[in-house]
Amino acid sequence: MNQLSLLGLISLVVRRDLVLAMRRRADVLTTLIFFVMVVSLFPLGVGPEMEMLRKMAPGLVWVSALLASMLSLGRMFSADYLDGTLEQMMLAPQSLAIVVLSKILAHWMVSGFPLVIIAPVLGMQFDMSAQALWVLMITLLLGTPILSVIGAAGAALTLGLRGGGALVSLLVLPLCIPVLIFGAGAVESVVSGINAGSNLALLGAILVMALAFMPWITAHALRISLE
Amino acid sequence: MLEISNLACNRGDHLLFSDLNFSISAGQLLQVQGANGSGKTSLLRTLCGLVIPAMGEIKWRGQDIHELDEKFYAEMIYLGHSNAIKDELNAVENLRISAGLAGCKLDDKQIIAALRRMGLRGREMLPVRVLSQGQCRRVALARLLLINVSLWILDEPLTALDVSAVGLMQELIGEHLANKGMVIYTTHQPLEVAGVETQRLALS
């Protein structure tokens, strides 16, 4: 049996996707720059009132992160689908769900993790407190992987469809509403002096559930899309 | 040994073929023939398990391929219309990943040797993007040399290949059959393997 070990398979696929992303850097930067631009547009649009900006900040950063992560979803499987490598991944004697999980992981490293890193800098534009910035980072660290995991299922279902890019956002955005509520809620509760623990715990629970089920669902969706 | 019984396949509402029965065993070569649109690619994709047949069974060593799943995939290789290689990577990187997914641990020397046999000396480290169509096809075909499996399913393997590469393919198929391999392929070009009788399956 030519089965790779779990870690061997994950590292093979993640390394492949990271190398590909590094050779196509423009794609990676689009997501990040979009995020920075959208967040920075709001103070310009609504005016420089500190009190209002501080109040809007958590929700604003989160909504922007959500929109930015939609941008890159279409690319998660489409390039591999078009050049036939996705087909070969299905025909490899390895678990497709684990391959999918690895691709999600690589996708998050490239398009989700940079948002987590840059978010505190953007938060400063809104005069957020140090504590609120920390919680913002933690919520994004828990939340952006959920967006990638749920988004993967949407991307798999719309694979090969014309105009799939817009469709995937319509499919995935409603499913991400709980993530937005708990993510922004955690930051707001810290700002107003309440413990953010319950919101963070709920985010963590969603992440665990999504990681446990979505790769299998996505793998199945890919099989249907490729038939 | 691959056995197909009562196989039927649909494409949308259109019935491509039905009641297809054949089998192929070690050392045999099977050519699927038919006009454009007669369902050759669909048949090959069905044999790989990518498409669920509308009716009938496909058995590998007596067991249904959909039950065997990964165990079947460990014994077959499929080469489709697309080359399944990444433009951004070079030939060696592409093959290292393909072989890695198939579970073969290879060092770069083996990969380079395979590429040289495919006539790509000096092209090993170039991004595939700068290679010609035929050279890309040769990179894809090099997987056949590296991944050691018994069943080859080749969809138009000769597309974009020049005369010398076609000769090389005939040689590779001949060697594979001599090693108790099986080959199922489609082609519109003549492909004759010395000393082996080609079975033909015509789709109408």
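Trainee: In which hand, left-handed or right-handed, does helix 7 of chain A pass helix 10 of chain A?

Mentor: Helix 7 of chain A passes helix 10 of chain A in a left-handed crossing. A crossing is left-handed if the near helix is turned anticlockwise from the far one by less than a right angle, and right-handed if clockwise. Please note that this is a predicted model, in which local features need pLDDT of at least 70, side-chain atom pairs count only at pLDDT 80 or more, and totals for chains, interfaces and linings use all residues. Residues are numbered from 1 along each chain as its sequence is written, chains are lettered from A and ligands numbered from 1 in the order in which they are written, and side-chain values use heavy atoms, with hydrogens and water left out.

Trainee: Why are helix 7 of chain A and helix 10 of chain A called roughly parallel?

Mentor: Helix 7 (residues 130–157) and helix 10 (residues 197–226) of chain A pack at an angle of about 20°, with their axes 8 Å apart. Angles under 35 degrees count as roughly parallel, over 145 as roughly antiparallel, 65 to 115 as roughly perpendicular and the rest as oblique. The two helices are therefore roughly parallel.

Trainee: What is the make-up by class of the contact of helix 7 of chain A with helix 10 of chain A?

Mentor: The residues of this contact divide into 19 nonpolar, four polar and no charged. Ala, Val, Leu, Ile, Met, Phe, Trp, Tyr, Cys and Pro count as nonpolar, Asp, Glu, Lys and Arg as charged, and the others, Gly among them, as polar.

Trainee: What makes helix 1 of chain A and helix 6 of chain A oblique to each other?

Mentor: Helix 1 (residues 6–22) and helix 6 (residues 96–125) of chain A pack at an angle of about 40°, with their axes 8 Å apart. By the ranges already given, these helices are therefore oblique. Their crossing is right-handed, and their contact has 13 nonpolar, one polar and three charged residues.

Trainee: How many disulfides are counted over all chains?

Mentor: The count comes to zero, where a disulfide is a pair of cysteine sulfur atoms within 2.5 Å. The sulfur of Cys9(B) is 12 Å from the closest cysteine sulfur, in Cys48(B), too far for a bond.

Trainee: Why does Val32(B) count as buried?

Mentor: Buried means under 20% relative accessible area, exposed over 50%, partly exposed in between (1.4 Å probe, protein chains only). Val32(B) has 1% relative accessibility and therefore counts as buried. Cys9(B) is likewise buried, at 2%, and Cys176(A) is buried at 0%.

Key
Axes fitted to C-alpha atoms, helices over the stretch in contact; angles between N-to-C directions. Helix = DSSP H or I, 4+ residues; strand = E, 2+ residues; numbered from the N terminus.
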